[in-house]
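Me: I have a structure to read. Take me through its features one by one, with the general idea and then the case here.

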Amino acid sequence: MKYFFIVQGEGRGHMTQAISLSQILREAGHEVVQVVIGKSKQRELPQFFIDRIGAPIEALESPNFVTDKDHKSVKPLRTAVSVLTRIPVFARSLNRLHELVQTTQPDVIVNFYDFLGGIYNFLKRPTARYVPVAHQFLIAHPEFDFPPGRRLDRATLHFANRVAALGAERILALSFQEFTDLPNKKIYVVPPLLRDEVKQLQPSPGDRLLIYMVNPGYGEEVDRFHEQSPAIALDCFWDKKGKPNPWVRDDTLTYHQLDDRKFIEKMAECRGYVTTAGFESVCEAMYLGKPVMMVPVRGHYEQACNAVDAEKAGAGIPHDKFEIQKLVDYLPHYTDTSSWFRDWADQNKAIFLQHLAP
């Protein structure tokens, strides 16, 4: 069977999910014929994705979040205005997407939570099956716990889910833990899409903390902590343009540009992990038995949901500030949950093939 991927370009998680699923499909004798990724002026397409996805890639303008000038928080109103003012640009992207689908003739279109994909499926009605995949879809499950309050944000996320899933045959909701399926809502709960490279790593108790910043503005907080606690060694990953790679500040602070292989190797040997509450890297940390502190990007409600859900699953602790000392204080109290989590995550190949290649 032939598969066509549409991938949200915001952050690292959706890209690594796409890489993992491409591996699963190829091992089963299938083909990924084309990848379309939503591009952003704020970010460059990471080289690891280009090297590892194993299919032709085309980047198209797609709706994306707008952040503040410090690249620390999401601005919902400015995001909405940006989308509305760029409708002609997105219309051209839809037309190009349709051309690629018509040329490649896939059997299944898999959308890793790019809104362009849902709008395309609704407007163009391709003959291929349309299956969106994301952790965000789990919020429709009755066992999902939400952050307190923020009803408008919750309603907005439900609306975003509907847009990404327009016309879907079935919806695959990635989850930290196993829940019952909801066939009446077309929702099926599936394990995280961890790649074989992660599963093959042998974790070890290291002496450095690992930091991942989807928004490079958090570098100021890292620098401040380093000045106060220079003996605590830090490896930081970001995608800040114009900086050397790696940028070695001194013996205990190094900034790396996004490099997927280096990132998971550093995770396997770290003491603990600080992240802006993306789903995929928290799953990698859980698989490797590493304690996590999750700091949702301000205004990014889905990350706030991720943090609540991950804490419930035993990943670590949420926090509202990028205060690394909070993780240092938590480390002695962490309980390793990697055993049961591995049992769940290792089912991903069989479950995804069941849904995508029956």
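Me: What should I know about the source before I start?

Reply: This is a predicted model: local features need pLDDT of at least 70, side-chain atom pairs count only at pLDDT 80 or more, and totals for chains, interfaces and linings use all residues. Residues are numbered from 1 along each chain as its sequence is written, and side-chain values use heavy atoms, with hydrogens and water left out.

Me: How many helices and strands are there in the protein chain?

Reply: Helices (H or I, at least four residues) and strands (E, at least two) are DSSP runs, numbered from the N terminus. Here the protein chain has 14 helices and 14 strands. Its radius of gyration is 19 Å, close to the 21 Å that the globule rule gives for 358 residues, so the chain is as compact as a globular protein of that length. That radius is taken over C-alpha atoms; the rule is 2.2 Å times the number of residues to the power 0.38. The C-alpha trace spans about 60 × 45 × 40 Å along its principal axes.

Me: What share of the residues of the protein chain count as buried?

Reply: Buried means under 20% relative accessible area, exposed over 50%, partly exposed in between (1.4 Å probe, protein chains only). Of the 358 residues, 59% count as buried.

Me: Which contacts in the protein chain join residues at least 24 apart?

Reply: Contact means heavy atoms within 4.5 Å. Take the contacts between residues at least 6 apart in sequence: 68% of them join residues at least 24 apart.

Me: Now backbone angles. What is the phi of Y113?

Reply: Start with the general rule. Most residues other than glycine have a negative phi. Y113 is not a glycine, yet its phi is positive, about 60 degrees. Y113 sits in the loop between strand 4 (108–112) and helix 5 (115–124). Its relative accessible area is 1%, so Y113 is buried.

Me: Where does A277 lie?

Reply: A277 is in the loop between strand 12 (272–275) and helix 10 (279–287). A277 is not a glycine either, and has a positive phi of about 65 degrees. With a relative accessible area of 0%, A277 is buried.

Me: One from a helix, then. Is S338 buried or exposed?

Reply: S338 has 12% relative accessibility, so S338 counts as buried. S338 lies in helix 13 (residues 338–345). Set aside its neighbours within four places in sequence, and S338 is in contact with M286, Y287 and G289.
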